[in-house]
Amino acid sequence: MNADELDWNRTLREQWEFHWNHQLRARLDGLTDDEYFWSPVPGAWSRHGFPGPGPADFTTIAWRLDHVIVDVLAARNAVHFGAAVGSRETWVYADGAATALDQLRTQLDNWLAGVSGLDDAALRVPVGAKEPYPDAPMADLVLHIHRELIHHLSEVCLLRDLYAHTNPAMNANPATNGATR
């Protein structure tokens, strides 16, 4: 197969779909409210917000999922695919893990449906003024969103691992937590 025969839309979707189906989806199943709101360090950002200047604080799973759901997906679904407006100011944030995962799945479905409708010509069209790089083609935005999803949802998985290994109720052998093996 040469580059002229490559189905770019399928290739772009599969980049995300493979990671979701084989690495992330099962890792998010069973997320509890305790994990969702757990603060791994004092002062970690929870819920969605962007405090003032300075180094970013550590964030909870709730903050990271809020960011992915609203900033990464809902805002793009609204601008590029005609979904309901999703912004920090108007979003009804999840009150717990189950609602957040439902919101995530809905926004992912909307994103993939929108991306699926892009032909090669649409993937070349500049994304426009609502994006930080308005002259970049839509294919660049699709790749960027997929990188964001992989990055932040992998962080969520890591926080779940940290929670399980530092919470005695979750850890079958807390005495060895952190010990050299």
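Of the contacts in the protein chain with a separation of 6 or more, 62% join residues 24 or more positions apart. The chain is built from six helices and zero strands, so if you walk along the sequence you simply read α-α-α-α-α-α, helices being DSSP runs of H or I. Of the 181 residues, 39% are buried. The accessible surface comes to about 10100 Å², and carbon and sulfur atoms hold 56% of that.

How far can you trust the coordinates? The average pLDDT is 88, and 86% of the residues score at least 70. The stretch to watch is residues 173–181, where pLDDT stays under 50 and the model has five contacts beyond four places in sequence. Where pLDDT is low, the predicted coordinates should not be read in detail.

Now for the pockets. The largest one holds about 210 Å³ of space. By class, you're looking at seven nonpolar, one polar and four charged residues.

The second largest pocket has about 160 Å³ of space. Asp71, Ala75, Arg76, Val79, Gly86, Arg88, Lys130, Glu131 and Pro132 line this one.

You'll find Glu131 in the loop between α5 and α6. Is Glu131 buried or exposed? Its relative accessible area is 7%, and because that falls under the 20% cut-off, Glu131 counts as buried. Leaving out neighbours within four places in sequence, Glu131 is in contact with Arg76, His80 and Leu141. Val79 sits 52 residues away from Glu131 along the chain, yet their C-alpha atoms are separated by 9.2 Å.

Pro137 has 25% relative accessibility, so it counts as partly exposed, a label for values between 20% and 50%. Once residues up to four places away in sequence are set aside, Pro137 touches Leu123, Arg124, Val125, Pro126 and Val127. If you want a distance to check in your viewer, the C-alpha atoms of Pro137 and Ala121, 16 residues apart along the chain, are separated by 9.9 Å.

Finally, hop over to Ala98, which is found in helix α4 (residues 97–116). With a relative accessible area of 52%, Ala98 is exposed, because the cut-off for that label is over 50%. From Ala98 to Gly30 you'd count 68 residues in sequence, while in space the two are 8.4 Å apart, C-alpha to C-alpha.

Terms used:
Residues are numbered from 1 along each chain as its sequence is written. This is a predicted model: local features need pLDDT of at least 70, side-chain atom pairs count only at pLDDT 80 or more; totals for chains, interfaces and linings use all residues. Side-chain values use heavy atoms; hydrogens and water are left out. On a 1 Å grid over the protein atoms alone, a cavity is a set of points where a 1.4 Å probe fits but cannot get out, and a pocket is an open set with protein on both sides within 12 Å along at least five of seven lines; lining residues have an atom within 4 Å of a point. Grid points are joined across faces, edges and corners, and a volume is the space filled by probe spheres set on the points. Ala, Val, Leu, Ile, Met, Phe, Trp, Tyr, Cys and Pro count as nonpolar, Asp, Glu, Lys and Arg as charged, and the others, Gly among them, as polar. Helices (H or I, at least four residues) and strands (E, at least two) are DSSP runs, numbered from the N terminus. Buried means under 20% relative accessible area, exposed over 50%, partly exposed in between (1.4 Å probe, protein chains only). Contact means heavy atoms within 4.5 Å. Accessible areas come from the Shrake-Rupley method with a 1.4 Å probe; for residues, only the protein chains shown count as cover. pLDDT is the predictor's confidence in each residue, from 0 to 100.
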